[in-house]
Amino acid sequence: MKQRDLWLLGLLLVFSIMLIYDLNDVQHNSLLFNYRLSRILSVISTGIIIGLTGVYLQSSLRNPLVDHYILGIGSGSLVFTYLSILIAGGFTLATPLSSMLGGLLALFLTIILAEKLSGTATSYVLAGIGVNSFFSGISALLSYLTIRVYPYAQLLLVGSFIVATNDKLYMLSIPLVISASIMLILAKPLNTLEVSDEFSVITGFNPRVIRLISIIVAGLTSSIVTSLYGLIGFIGLASPHIARYLSGRSDNRVVAPLAAFTSSIILYVTDFTSRRLFAVIWSEIPAGAIASLIGAPFFIYLLLSRRRIYGD
Amino acid sequence: MVIKASNVVVEYTGGLKGLNNASLEIMENKVTCLMGPNASGKTTLLRALARLVGYRGSILIDGREVSKTPLTVLSRILSYGSQQTISTSLQLQVREVLEMALYPLKNIDVEEAIYNTSIELGITGLLDRYINELSSGELQKIVIASALIKKPRYILLDEPDAHIDTGFKPVLSKTLRKKSGSSTIIIATHDPIFASYTCDYIVVLRSGSIAFHGWLNELMENLDVLREVYGVEFMVTEIPGGMRIIIPYY
């Protein structure tokens with residue numbers, strides 16, 4: 001058995017043990033059981049969407065350093081989430097719709113800026129930092145205003161599943177189905193896009209259409225996640241890389257499901273840790289904060305290893 | 001004639017013309033070489049044939065206008081290879097890229113196709129390497145392999161003889177000659193020696209227009225064309241075995 005298979009098996013084992021422990025714990029209390037189940041399903045669905053977002057963005061932009069958080073989609077959608085909550089006086093159906101607008105706005109701003117810089121992988125990161133800082137500043141300010149009408153407003157800044165209700169889970173199912181089904185169709189064309197736009201044309205695909213659809217799907221679905229549970233960074237970046245390592249391949253027909261799988265396991269482990277381990281010592285720490293704690297060093301590692309190879 | 005281009009104009013942003021009223025006909029199952037100095041329109045012509053660039057005028061392949069042929073149809077009958085075609089910064093294995101080159105074909109044994117092509121071009125040792133870690137010469141071999149692997153009716157290669165070592169040139173030349181039995185091949189090259197070994201028919205371009213087209217031996221009788229477009233002297237010499245080749249001297 002290869003080392004890669006052992007990793008995969010280990011992940012599955014950890015996931016299964018935690019899941020059994022988590023549900024067994026509350027099996028005699030139907031109210032708690034329903035909440036726990038809804039929360040676990042929310043975490044897993046979010047993980048799948050975020051993992052797929054990473055694959056869409058990294059493949060279509062041919063850039064291993066990006067995810068929805070780094071490109072500013074998260075903070076852009078958060079600003080519009082707050083604005084929508086403020087205007088409507090609470091979380092409504094319009095909130096996710098408004099967040100999609102913000103996410104796409106931030107994404108296209110980052111792409112335009114990055115292309116103006118030089119269009120390299122690193123310029124996307126730099127442009128993302130600029131757009132991210134701008135929207136993060138606004139969202140931090142807005143969070144103080146929003147908290148008056150929506151008590152969980154500040155949790156959205158770091159991403160938390162404490163607000164995982166069935167209503168939100170239903171809303172989440174729409175982007176989940178859209179993202180997964182479009183990936184089924186686009187996995188092969190996205191593979192060719194990873195080689196070059198010309199190669200994509202020669203193999204029978206229209207690279208501009210594929211890229212546009214991928215970016216829009218990634219932008220819209222991850223914005224909905226942000227409006228529901230807040231900013232969850234770096235998992236979308238790391239999970240496609242972990243999937244490529246585990247499978248030893250770059251084929252998105254293998255990488256996408258595996259990235260979705262690893263992303264949801266990592267997110268589940270962070271949520272589990274936040275409400276079990278840390279809750280005992282302090283109080284519940286948002287899962288997004290723990291995700292960043294693990295993900296940020298991974299991002300720095302990626303950045304440095306890339307610099308060594310390409311020097312850009 | 002299987003490919004017929006009439007009054008083809010390709011204009012880049014800024015008004016620069018990559019092709020200026022170029023008309024030519026390409027014959028079936030022959031190796032046609034496009035020659036001419038830098039920026040004479042060789043790459044632009046190949047890219048127009050592969051629908052990689054928009055054009056005015058008409059390019060008919062099998063009687064079908066290229067710009068109106070769906071990419072899915074074109075990708076089954078035509079392949080194009082240049083160093084820009086495979087230029088990823090992501091970690092993709094050679095084997096994966098060759099597999100992707102076969103996407104347009106259905107019901108094909110992928111493993112067998114990769115094996116046959118890699119044996120033919122001597123690249124079996126490269127299959128598990130990452131594209132972004134290959135040397136220019138190694139990458140060129142993969143570019144050629146990705147164009148040949150699906151055995152299309154039309155093979156377009158932009159400077160396939162660039163970057164490769166002298167030892168590989170005869171392998172490439174023989175492979176292309178063999179493929180011309182079942183495919184129509186068009187290549188752009190700067191090297192008259194490689195063209196002498198490989199090509200049946202020669203098209204010489206100058207500033208986006210056709211300066212000469214004819215069989216290889218017709219060009220050998222008409223070296224002034226090459227002298228004029230390149231600005232150096234050329235001669236025809238006989239090598240051991242009796243074959244005649246064109247060489248530049250300066």
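**Legends: sheets and helices, chains A and B**

**View 1. B:Val204 stands opposite B:Phe212 in E10(B).** The partner strand E9 (residues 201-206) of chain B pairs with E10(B) in the antiparallel sense, over six bridges. Strands are DSSP runs of at least two residues and helices are H or I runs of at least four, both numbered from the N terminus. Two strands pair if DSSP finds at least two bridges between them. This is a predicted model, in which local features need pLDDT of at least 70 and side-chain atom pairs count only at pLDDT 80 or more, while totals for chains, interfaces and linings use all residues. Residues are numbered from 1 along each chain as its sequence is written, with chains lettered from A and ligands numbered from 1 in the order in which they are written. The model scores ipTM 0.94 and pTM 0.91. Chain B averages a pLDDT (the predictor's confidence in each residue, from 0 to 100) of 94, and 100% of its residues score at least 70.

**View 2. Six strands of chain B form an open, mixed sheet.** The order is E6-E7-E8-E3-E9-E10. Strands E6 (78-81) and E10 (209-215) of chain B stand at the edges with a single partner strand each, so one side of each has no neighbour in the sheet. From one strand to the next, the twist averages 15°. Helix H5 (residues 136-148) of chain B packs on this sheet and touches E6 and strand E7 (154-158) of chain B. Contact requires C-beta atoms, placed from the backbone, within 7 Å. The direction of H5(B) makes about 175° with that of E6(B). Axes are lines fitted to C-alpha atoms, for helices over the stretch in contact, and angles run from 0 to 180 degrees between N-to-C directions.

**View 3. Four strands of chain B form an open antiparallel sheet.** Their order is E2-E1-E4-E5. Strand E2 (17-26) and strand E5 (64-65) of chain B are the edges; each has a single partner strand, so one side of each is left without a neighbour in the sheet. E1(B) and E2(B) run antiparallel, joined by six bridges. B:Val10 faces B:Leu19 of E2(B) as its opposite residue. Five residues separate E1(B) and E2(B) in their hairpin, and B:Gly14 in the turn has a positive phi of about 100°. E1(B) also joins E4(B) through five bridges, again antiparallel. Here B:Ser6 is opposite B:Ser58 in E4(B).

**View 4. Strand E4 (residues 56-61) of chain B pairs with E5(B) over two bridges.** The sense is antiparallel. B:Ile61 stands opposite B:Arg64 in E5(B). Helix H1 (residues 42-49) of chain B lies across strand E1 (3-11), E2 and E4 of chain B. H1(B) runs at about 65° to E2(B).

**View 5. Helices H2 (residues 30-60) and H9 (residues 235-247) of chain A pack at about 75°.** Their axes are 7 Å apart. H2(A) and H9(A) are therefore roughly perpendicular to each other. Angles under 35 degrees count as roughly parallel, over 145 as roughly antiparallel, 65 to 115 as roughly perpendicular and the rest as oblique. Among the contact residues are A:Ile50, A:Gly51 and A:Gln58 of H2(A), and A:Leu237 and A:Pro240 of H9(A).

**View 6. Helix H3 (residues 73-88) of chain A is largely enclosed by the rest of the structure, because 13 of its 16 residues are buried.** Buried residues have 20 or more other C-beta atoms within 10 Å of their own, exposed ones 12 or fewer, and partly exposed ones fall in between; C-beta atoms are placed from the backbone. From its first C-alpha to its last, H3(A) reaches 22 Å, close to the 22 Å expected at 1.5 Å a residue. The expected span is 1.5 Å times one less than the number of residues. Just after H3(A), A:Gly89 takes a positive phi of about 80°.

Methods. Contact = placed C-beta atoms within 7 Å.
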